[in-house]
Amino acid sequence: MPRSRPVQLGAIGVAAGLFSGLFGVGGGVVVVPLLILWLDYGEREATGTSLVAIVVTAGFACALQALYGNVHVGDGLLVGIPAVGGVLAGTAWQQRLAGPAIRLLFALLLVVTAALLVVRP
Amino acid sequence: MIAAILIGFAAGVLAGLLGIGGGSLFVPALALILGLSQVDAQATSLLAIVPVGLVGAWRQHRYGNLRMRDGLLVGLCAIPAAALGVVIVNAIPERLTAALFAMLLVYIAWTLARGALRELRGGDPRRLDGDDDDAPRPA
């Protein structure tokens, strides 16, 4: 990175945090494309760096939601534990893909996410 | 319940592949299969996201794809905004905001796909060998 861009990074964080709190997503759907499109990150870097931001954001939002009494620990572990196995497979798989392919898959993910937001009960 | 476990695994694969927490799959799995309310499903998905993000970030660090400082900055700036989002979602009907957010996501998807398709058609052949020439920069 030729220069640090703390203002852009901070703005990306604000947008991601707002959507995280509102919709229960970690903010990756906002962080990854903005890192790629705005800060010219490579696809793999954007996804890896996004995960760091997600841990911080989701951890805090989770604690706040727990204060509201909205967190179901058993159900969270039921989907979260198999997901840890999945993330090991997913990161390994990603290393074998070309950058534009990752970006196309991400675009598909965004469309599906948008559809789920609209059709959910 | 088996379906919820399988969807959890799939969410983890997507998390590693695409750098998301997996909430887009956790939330419908928790709401539609395990029967949580929408707000509870969103809150509980955050609990699943944390270990997924930790393990995924650790793997990407090992693969050399992590800018730790940038990620921490993004995450820390997100916290006050996330708190605001939680307050809002507990106070207002979420239907309209969800629809607006969905439209924004489709627009971003189009922008990403357009650039990727242009590169795949040969607009920037350096990217085709999978060697991200703009990726490795000194931290």
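**Ground rules**

I number residues from 1 along each chain as its sequence is written, and chains are lettered from A, with ligands numbered from 1, in the order in which they are written. Since I am reading a predicted model, local features need pLDDT of at least 70, side-chain atom pairs count only at pLDDT 80 or more, and totals for chains, interfaces and linings use all residues.

**Confidence**

I looked up pLDDT, the predictor's confidence in each residue, from 0 to 100. Chain A averages 89, and 93% of its residues score at least 70. Within chain A, helix 1 has the lowest confidence, with a mean of 86. Helix 4 of chain A has the highest, at 97. I keep one caution in mind: where pLDDT is low, the predicted coordinates should not be read in detail.

**Chain A, overall**

I listed the elements next. Helices (H or I, at least four residues) and strands (E, at least two) are DSSP runs, numbered from the N terminus. Chain A has five helices and zero strands. Its order from the N terminus is α-α-α-α-α. Along the principal axes, the C-alpha atoms of chain A fill a box of roughly 45 × 30 × 30 Å.

Then I checked burial. A residue is buried if 20 or more other C-beta atoms lie within 10 Å of its own, exposed if 12 or fewer, and partly exposed in between; the C-beta atoms are placed from the backbone. Of the 121 residues of chain A, 60% are buried.

For contacts, I used C-beta atoms placed from the backbone and lying within 7 Å. In chain A, 51% of the contacts with a separation of 6 or more join residues 24 or more positions apart.

**Chain B, overall**

Chain B also reads as five helices and zero strands. The pattern along its sequence is α-α-α-α-α. It has 139 residues, and 49% of them are buried. Residues 24 or more positions apart make 38% of its contacts with a separation of 6 or more.

I noted two domains in chain B, domain 1 (2–92) and domain 2 (93–123). Such bounds come from an automatic or database domain assignment. The C-alpha centres of the two domains of chain B lie 19 Å apart.

**Where the chains meet**

I counted 88 residues from chain A and 98 residues from chain B in the contact. On the side of chain A, the elements giving two or more residues are helix 1 (6–23), helix 2 (28–37), helix 3 (43–67), helix 4 (73–94) and helix 5 (99–119). Helix 3 of chain A gives the largest share, 21 residues. That side of chain A divides into 53 nonpolar, 29 polar and six charged residues. Here Ala, Val, Leu, Ile, Met, Phe, Trp, Tyr, Cys and Pro count as nonpolar, Asp, Glu, Lys and Arg as charged, and the others, Gly among them, as polar.

**Helix 1 of chain B**

I followed helix 1 of chain B over residues 2–18. Its 17 residues reach 24 Å from first C-alpha to last, close to the 24 Å expected at 1.5 Å a residue. The expected span is 1.5 Å times one less than the number of residues. Its buried residues include I7(B), F9(B), L14(B) and L18(B). The buried residues pack against helix 2, helix 3, helix 4 and helix 5 of chain A, and against helix 2 (23–33) and helix 3 (38–62) of chain B. Just after this helix, G19(B) takes a positive phi of about 75°.

**S50(A)**

S50(A) sits in helix 3 of chain A. It counts as buried because it has 38 C-beta neighbours inside 10 Å. V32(A) is 18 residues away in sequence, yet 6.0 Å away in space, C-alpha to C-alpha.

**The core**

I looked for a nonpolar core, a set of buried Ala, Val, Leu, Ile, Met, Phe, Trp, Tyr and Cys residues joined through C-beta atoms within 7 Å. The largest has 84 residues, and V31(A), L110(A) and L14(B) are among those with the most contacts inside it. Helix 3 of chain A gives this core its largest share, 12 residues. The core lies between domain 1 and domain 2 of chain B, because both give residues to it. Beyond four places in sequence, L110(A) is in contact with V29(A), L105(B), V106(B), I108(B) and A109(B).

**D40(A)**

I ended at the loop between helix 2 and helix 3 of chain A, where D40(A) is found. Its phi is near 60°, a positive value in a residue other than glycine. D40(A) is partly exposed, because 14 other C-beta atoms lie within 10 Å.

Methods
Contact = placed C-beta atoms within 7 Å.
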